[in-house]
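Visitor: I would like a guided look at a protein. Show me the sequence and the structure, then let me ask.

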Amino acid sequence: MTFLHSDSENIRSRENLPVTIHHGAREASVLIAKEIATLIKKKKELNDHCVLGLPTGSTPVEVYDELVRMHKEDGLSFENVVTFNLDEYYPMQPYKLQSYVRFMREHLLDQVDLKPENIHIPDGTIPVEEVPGFCRNYEEKVKSYGGIDLQLLGIGRTGHIGFNEPGSGKKSRTRLISLDHITIADSASDFFGEENVPKRAITMGIGNILESKQIILMAWGEGKAKI
Ligand code: PGA
C-alpha cells in the first residue's frame with residue numbers, strides 16, 4: 001500500500017476491518033505465504049483438507065513465488081490442499097497466453113505437489129447454455145469440501161473482487177458477468193489490444209466469497225490506493 005508508515009495508526013483506527021500496512025509488496029507477500037503455509041500444516045495435522053480460494057493477476061504473484069520456494073526448499077507439501085480459482089475469462093481456451101488456467105499452472109500449480117483432482121478453475125470452454133449448470137456444480141464442489149478455509153483476493157481498479165464488477169450484489173453467486181470497460185482497458189495489453197479482450201467472464205459471486213472462513217485482500221501500490 002502507498003500510505004506512509006507513520007499514517008498507519010490513523011488509518012487503522014478508521015477501519016472496521018483489520019488492516020495491515022506494509023513497506024512493500026514483497027514483505028507482505030512473504031507474510032501471507034507464511035500464514036497460508038501455517039494453515040496448510042495445521043489442517044494436515046488434523047488430517048483435513050485445506051481449501052484455498054485463489055486469485056490471478058499481478059497482485060498474488062509474489063505470494064505464489066514464496067509458496068513455491070517453501071515447497072522446493074522447506075518441504076512444504078500441498079498434498080492436502082484443494083484449490084478453487086475465483087474466475088476465468090469467457091470464452092477462453094486453457095492453453096491461451098491469457099488463460100487463468102495457464103497463469104495458475106505457471107505460477108503455482110505445476111510447481112508444487114497439488115493433486116490434479118484437487119484443482120478447480122472455472123471452465124471458459126463450455127457452451128454458454130451450460131454455464132449456469134457449471135456454476136452450480138462449482139459451488140456444490142466448494143460445499144462438498146466444507147467451504148473455503150482461506151480466500152485470497154486482489155482488487156481491480158473498478159473495485160472488483162474476482163470479476164464482480166460494480167453493481168454486483170452482496171449475495172451474488174457464481175455466474176457469467178459482463179466486464180467493465182475499465183477492466184477491459186486494464187486487460188488490453190495482455191490481449192494485444194482492447195478489441196481482443198473477452199467481454200465476459202465466469203466469476204464466483206460476492207456471496208460465495210463472503211462465505212469463506214477467512215479472507216485476505218491484497219492491494220499493492222499507488223494504482224490501487226484510491227479504490
Ligand atoms: P492485478 O488485478 O492484480 O493485476 O492488479 C487485480 C484484479 O483485477 O482483481
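What follows is a run of questions and answers on this predicted model.

Visitor: How many helices and strands does the protein have?
Guide: This is a predicted model, so the assignment is made on predicted coordinates. The secondary structure comes to eight helices and eight strands.

Visitor: What is the radius of gyration of the protein, and what would a compact globule have?
Guide: The C-alpha trace spans about 50 × 40 × 35 Å along its principal axes. For 227 residues, a compact globule would come near 17 Å. The protein agrees with that, at 17 Å.

Visitor: Among contacts between residues at least 6 apart in sequence, what share joins residues at least 24 apart?
Guide: Burial first: 49% of the 227 residues are buried. Now the contacts between residues at least 6 apart. Of these, the share that joins residues at least 24 apart is 76%.

Visitor: What is the strand order of the open five-stranded sheet?
Guide: β4 (119-120) and β8 (215-217) each pair on one side only. The pairing in this sheet is parallel. The order is β4-β2-β1-β5-β8.

Visitor: What is the handedness of the β-α-β unit made by β1, α3 and β2?
Guide: The two strands of this unit, β1 and β2, pair in the parallel sense. α3 is the helix of the unit. The unit is right-handed.

Visitor: What covers the buried residues of α3?
Guide: α3 has 14 residues and reaches 19 Å from first C-alpha to last, close to the 20 Å expected. Its buried residues are Val61, Val63, Tyr64, Glu66, Leu67, Val68, Met70 and His71. After the helix comes glycine 75, with a positive phi near 75 degrees. The cover over the buried residues includes α2, β1, α4 and β5.

Visitor: And what covers the buried residues of α2?
Guide: α2 has 21 residues and reaches 30 Å, close to the 30 Å expected. Its buried residues include Ala28, Val30, Ile36, Leu39 and Lys43. Just after the helix, asparagine 47 takes a positive phi of about 65 degrees. The cover includes β1, α3, β2, β5 and β8.

Visitor: Which residues touch the most other members of the largest nonpolar core?
Guide: Nonpolar side chains tend to be buried together in soluble globular proteins. The largest nonpolar core here has 30 residues. The members that touch the most others are Ile36, Leu67 and Leu108.

Visitor: Which residues does leucine 108 touch, not counting those up to four places away in sequence?
Guide: Leucine 108 belongs to the largest nonpolar core. Outside its sequence neighbours, leucine 108 touches Leu54, Tyr64, Leu67 and Val68.

Visitor: Is serine 99 buried or exposed?
Guide: Serine 99 sits in the loop between β3 (87-90) and α4. Beyond four places in sequence, its contacts are Glu88, Met92, Gln93 and Pro94. Its relative accessibility is 0%, so serine 99 counts as buried.

Visitor: And glutamate 117, buried or exposed?
Guide: Glutamate 117 is in the loop between α4 and β4. Its C-alpha is 16 Å from that of isoleucine 148, 31 residues away in sequence. The cut-off for exposed is over 50%. At 53% relative accessibility, glutamate 117 counts as exposed.

Terms used
Residues are numbered from 1 along each chain as its sequence is written. This is a predicted model: local features need pLDDT of at least 70, side-chain atom pairs count only at pLDDT 80 or more; totals for chains, interfaces and linings use all residues. Side-chain values use heavy atoms; hydrogens and water are left out. A nonpolar core is a set of buried Ala, Val, Leu, Ile, Met, Phe, Trp, Tyr and Cys residues joined through side-chain atoms within 4.5 Å. Buried means under 20% relative accessible area, exposed over 50%, partly exposed in between (1.4 Å probe, protein chains only). Contact means heavy atoms within 4.5 Å. Helices (H or I, at least four residues) and strands (E, at least two) are DSSP runs, numbered from the N terminus. The expected span of a helix is 1.5 Å times one less than its number of residues. Two strands pair if DSSP finds at least two bridges between them. A crossover is right-handed if, with the strands pointing away from the viewer, the path from the first strand over the helix to the second runs clockwise. The radius of gyration is taken over C-alpha atoms; the globule rule is 2.2 Å times the number of residues to the power 0.38.
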